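Please look over the sequence and the 3D model of this protein. The report below goes with them.

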Amino acid sequence: MWRGRWLIISVGLLLLLTVIKRSEAIVGGSQAAPPPVDDPVVFVRHVGKSARVEGTRNRQTGLYAFRGIRYADAPVGEYRFQRPRFKRLAGDVDAINNGPPCPQPEPNNPYKVIGNEDCLLLNIFTPQMPDETTGLPVVVWIHGGGYRYGSAAQYGAEPLTENGVIFIPIQYRLGSFGVIGDGSRDFSGNLALLDMASAVRWVKDYVSWFGGDPTQIKVIGHGSGATAAMILSSASMSRSSISGVVAMSGSSLQPNSYDQEPVTSLNEIVSNHGCSAGNETEIVKCMRGKTVEELIKVDSDLQVTRLSGKNAIKALTGNVGMNPAVEQKDDGRGLLGVLTSTPEMTMKEGDFPKIPLLIGVTKDETANGIDVKEIESSFNSATNFLQTTSKKVGLDGFLNLNKSINLVDSLGGVLDLSKYLEIPKSWNVTQIFDKLVEATTDAVFNLPAIVTAQSWSKSSKSFFYSFEHRSESTKGSDFLAGLPLVSKTSSAKQKGAVAHGDELGILFDSHDVHGNRIERASVKSKRDINARKAFATFIAKFAYMNASNPRDDSLFKQFSSKGTPYIRIGEQVSLENDFRFCQLSIWGAQLEALKSISCKFLGDGLGALGKVVGGLTGLLGGQSLPAAPPNRVLGLF
């Protein structure tokens with residue numbers, strides 16, 4: 001009897017389970033969608049606050065992404081033009097989608113505004129979820145764009161994360177939202193830098209929960225972002241969080257890396273907004289009453305004004321008329337500053353931590369910012385343009401006062417900078433273009449980078465690279481649209497150059513400021529794939545560089561003024577010496593050749609050579625001339 005009852009009960013339960021199982025699998029008569037595979041969730045408990053952070057996983061690449069995480073509260077309303085307010089993780093955090101870019105002009109229309117003020121966000125990309133074995137090195141990325149353009153969503157992470165690093169691009173306030181002030185303690189004008197410092201602090205606090213090593217944070221920047229990365233490495237509020245710096249196509253020693261007349265700049269902005277140039281409170285109150293569109297429009301007007309005519313020289317640095325200001329020294333009675341000394345003084349005094357620096361350039365940095373007709377129109381001649389450029393270099397105290405070099409040492413011929421910059425009237429447009437690109441790239445990018453590497457090497461390790469691969473599909477304007485420095489790409493010479501930003505599409509997958517993939521800029525050719533692998537591996541190896549736990553650093557050769565060693569990046573990585581020794585020496589660089597070098601080629605094609613060098617007329621027309629004696633320091637007189 002009981003056996004029969006148990007049989008009935010068992011059959012009934014089986015039928016019930018069958019119905020339940022079918023009801024779970026079928027919704028509305030169709031198969032339910034399967035749950036997401038390995039959707040990542042990170043649980044955080046820090047300083048008494050708990051958080052659940054949900055991200056995404058790319059099923060093709062396996063990359064884990066946590067996007068749009070706020071590191072600071074929205075700087076809106078009464079908090080516009082105030083320091084960032086640090087935001088801790090708490091509660092449920094939706095990190096599935098990119099956040100909005102910070103307010104900026106639409107790249108192809110300077111008077112159309114995109115973005116949102118609630119933009120102090122960062123993204124986290126990691127090749128693996130955290131466990132007891134993780135502790136990956138971290139790369140914090142500061143995008144370029146002259147403090148006016150760019151977003152975290154532009155930079156696809158896979159090329160770097162495939163090499164076992166965590167990649168964290170950050171956003172910061174742009175234009176007047178991030179760079180407005182007079183350099184005073186209470187109104188420094190350095191909100192963008194303060195945003196970056198706050199983001200680095202956030203990474204230091206939280207990256208271990210995402211599998212990163214908080215003692216291995218390398219800050220990497222491009223253009224204005226490279227300048228900012230170097231400033232952060234010296235700032236009291238952030239230097240202890242940074243274990244290394246990569247400065248790509250930028251340096252804190254570049255011309256116009258900071259505003260030397262911040263009060264004038266502030267008054268100009270305030271006047272254009274119809275605000276009275278009174279005290280800080282009055283200015284901020286007036287500016288807070290302006291719409292985002294009004295602020296961006298005035299910034300765009302000022303960009304045109306500040307870079308027009310002969311001021312176009314400033315644009316060759318990637319400048320768009322907005323720069324941070326040097327603040328008053330910290331006195332221990334208020335909030336810390338972020339840029340309290342000129343970068344030149346910081347370098348001379350060695351006021352930076354003993355961490356490695358990797359600094360580099362592209363082969364033809366200024367090629368997409370040069371227009372021969374525009375230059376001749378504004379400066380009357382290309383020679384006048386170069387002579388004017390030479391006066392903007394600065395670097396006083398870092399260079400030889402006598403800007404000249406021995407062409408052929410044994411005969412005593414000397415070429416000085418002024419004569420070197422003269423362009424013969426017989427030259428055609430192509431010759432003039434080549435000379436302008438070469439000379440301005442040396443003056444504005446190569447020379448400051450070399451001086452930076454020299455200064456840094458006196459206290460710590462520094463390394464120098466030259467990126468020389470021309471991509472078949474991607475270019476700098478894919479990332480830096482809006483910068484005058486990348487706006488001129490029509491000529492065949494420009495299309496063949498390796499200009500400012502051209503390395504970005506090799507190191508990263510290309511996206512627009514909203515995070516949409518730029519398909520035409522995808523890396524597809526074998527040459528580009530090889531260059532990507534070489535460059536990404538190179539940067540990742542630097543990310544792993546740690547004095548207490550050294551890995552394979554055979555790619556790196558420490559910088560020295562003797563021999564000017566550098567790493568050449570192409571389809572492969574190679575170690576070279578004497579980087580542009582003759583050209584940089586004539587600009588005043590204090591270099592010593594590793595081997596005997598003849599610099600006679602600098603005088604080739606300069607017309608009446610008797611006017612260029614003493615005692616060598618007729619000898620530089622192609623005859624073989626003896627090299628300088630071994631172990632002789634050339635260019636130092």
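## Basis of the model

This is a predicted model, in which local features need pLDDT of at least 70 and side-chain atom pairs count only at pLDDT 80 or more, while totals for chains, interfaces and linings use all residues. Residues are numbered from 1 along each chain as its sequence is written, and side-chain values use heavy atoms, with hydrogens and water left out.

## The whole protein

The protein has 18 helices and 22 strands. Helices (H or I, at least four residues) and strands (E, at least two) are DSSP runs, numbered from the N terminus. Of its 637 residues, 55% are buried; buried means under 20% relative accessible area, exposed over 50%, and partly exposed in between, with a 1.4 Å probe and protein chains only.

A contact means heavy atoms within 4.5 Å. Among contacts between residues at least 6 apart in sequence, 76% join residues at least 24 apart.

## The largest pocket

Rolling a probe the size of a water molecule over the atoms shows where empty space is left. The search uses a 1 Å grid over the protein atoms alone: a cavity is a set of points where a 1.4 Å probe fits but cannot get out, and a pocket is an open set with protein on both sides within 12 Å along at least five of seven lines. Lining residues have an atom within 4 Å of a point. Grid points are joined across faces, edges and corners, and a volume is the space filled by probe spheres set on the points.

The largest pocket holds about 720 Å³ of space. Its lining has 29 residues, and Asn-256, Tyr-258, Asp-259, Gln-260 and Lys-314 lie nearest the centre. Helix 5 (262–272), helix 7 (292–306) and helix 8 (312–315) are the elements that give two or more residues to this lining, and helix 5 has the largest share, with three residues. By type, the lining of the largest pocket has seven nonpolar, 12 polar and 10 charged residues. Here Ala, Val, Leu, Ile, Met, Phe, Trp, Tyr, Cys and Pro count as nonpolar, Asp, Glu, Lys and Arg as charged, and the others, Gly among them, as polar.

## The second largest pocket

About 610 Å³ of space lies in the second largest pocket. Its lining has 35 residues, and Leu-307, Ala-315, Pro-484, Ser-487 and Lys-488 lie nearest its centre. The lining divides into 20 nonpolar, 10 polar and five charged residues.

Elements that supply at least two residues each include strand 8 (104–106), strand 9 (109–114) and helix 10 (372–379). Helix 10 gives the largest share, four residues.

## Helix 5

In helix 5, the buried residues are Pro-262, Ser-265, Leu-266, Ile-269 and Val-270. Seen down the helix axis, they fall within an arc of 130°, so they line one face of helix 5; the arc is that of the directions from the helix axis to the C-beta atoms. Their cover includes helix 6 (280–288) and helix 7. Just after helix 5, Gly-274 takes a positive phi of about 75°.

Val-437 is found in helix 13 (residues 429–457) and is buried, with a relative accessible area of 6%. Not counting residues up to four places away in sequence, Val-437 touches Asp-364, Thr-366, Ala-367 and Ile-370. Val-437 and Ala-499 are 62 residues apart in sequence and 9.6 Å apart in space, C-alpha to C-alpha.

Ser-585 lies in helix 18 (residues 581–586) and counts as buried at 0% relative accessibility. Its side chain reaches the backbone oxygen of Phe-581 at 2.7 Å.

Definitions and conventions:
A polar contact is a pair of N or O atoms within 3.5 Å; within protein, one must be able to donate a hydrogen and the other to accept it, and residues adjacent in sequence count only if both atoms are side-chain atoms.
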